[in-house]
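The sequence and structure are shown next.

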Amino acid sequence: MGSLLGGIFISIWGAGKNRFIAIFGSLVTMGAAFSIFGLLPPNQRGFWLFAGLNIFAGFALAFMNSPFMAIVQERIKPEMMGRVMSVLMALTNIGAPVGLMVAGPLADQFGIAQLFILAGVATLITAGVALLLPAVRQIDQK
């Protein structure tokens, strides 16, 4: 629901002039949401908070995917686009099964709450690394 609403929002108003800010803000929002997921109480109230935060995180996800795909389409030469998109989609699609293979045993070992916190912290670290890399920060300025 959140991704759908975010996509509609971006299709009407756009993601802003500096797409790095949209992508960075999306990473921070999702990292914070994932971390909060791990802190929610394991009851019905926690479930509803989880569901609401998931909508919020999904909305933020649209602000990462849309600008990223626009940047890829602008930066890649047309004769290379098919190959680049094929590799990008393969890497994107392999993430789910590999992630589940890793997440299942980790959740059994440490618990799902700790796994959410770990995912949130890892996402926030990714945002921090993106902020530190000038080539990434200035992606819309070239």
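A crossing of two helices is called left-handed if the near helix is turned anticlockwise from the far one by less than a right angle, and right-handed if clockwise. In this predicted model, helix H2 passes helix H5 in a left-handed crossing. The chain that holds these elements has 6 helices and 0 strands.

**Overall chain**

- From the N terminus on, the order of elements is α-α-α-α-α-α.
- The C-alpha trace spans about 50 × 30 × 30 Å along its principal axes.
- The protein chain has 142 residues, of which 24% count as buried.
- When contacts between residues at least 6 apart in sequence are considered, 76% of them join residues at least 24 apart.

**Packing of H2 with H5**

- Two packed helices are described by the angle between their axes and the distance between the axes.
- For H2 (residues 19–37) and H5 (residues 112–132), the angle is about 160° and the axes lie 6 Å apart.
- Because angles over 145 degrees count as roughly antiparallel, H2 is roughly antiparallel to H5.
- On the H2 side, the contact is made by Phe20, Phe24, Leu27, Val28, Met30, Gly31, Ala32, Phe34, Ser35 and Phe37.
- On the H5 side, the contributors are Phe116, Ile117, Ala119, Gly120, Val121, Thr123, Leu124, Thr126, Ala127, Ala130 and Leu131.
- The residues of this contact between H2 and H5 comprise 16 nonpolar, 5 polar and no charged.

**Packing of H2 with H3**

- The axes of H2 and helix H3 (residues 44–75) cross at roughly 150° and come within 8 Å.
- That angle makes H2 roughly antiparallel to H3, by the cut-off of over 145 degrees.
- The crossing in which H2 passes H3 is left-handed.
- In the contact of H2 with H3, the residues divide into 19 nonpolar, 3 polar and 2 charged.

**Arg19 in H2**

- Arg19 is located in helix H2.
- Arg19 has a relative accessible area of 14%, and it is buried because the term applies under 20%.
- Apart from residues up to four places away in sequence, Arg19 touches Pro67, Ala70, Ile71, Glu74 and Asp140.

**Thr123 in H5**

- Thr123 belongs to helix H5, and Thr123 is among the residues that make the contact with H2.
- The relative accessibility of Thr123 is 14%, and Thr123 therefore counts as buried.
- With neighbours within four places in sequence left aside, Thr123 is in contact with Leu27, Met30, Gly31 and Phe34.
- Leu27, Met30, Gly31 and Phe34 are also among the residues that H2 contributes to the contact with H5.

**Gly104 in H4**

- Gly104 is found in helix H4 (residues 78–110).
- Gly104 has a relative accessibility of 30% and so counts as partly exposed, the range between 20% and 50% being the one that carries this term.
- Gly104 and Ser26 are 78 residues apart along the chain, and 26 Å separates their C-alpha atoms.

Note on methods: Residues numbered from 1 in each chain as written. Predicted model: local features only at pLDDT ≥ 70, side-chain atom pairs only at ≥ 80, totals over all residues. Heavy atoms only, no water. Axes fitted to C-alpha atoms, helices over the stretch in contact; angles between N-to-C directions. Helix = DSSP H or I, 4+ residues; strand = E, 2+ residues; numbered from the N terminus. Parallel < 35°, antiparallel > 145°, perpendicular 65-115°, else oblique. Contact = heavy atoms within 4.5 Å. Nonpolar A, V, L, I, M, F, W, Y, C, P; charged D, E, K, R; others polar. Buried < 20%, exposed > 50% of the residue type's maximum accessible area, 1.4 Å probe, protein only.
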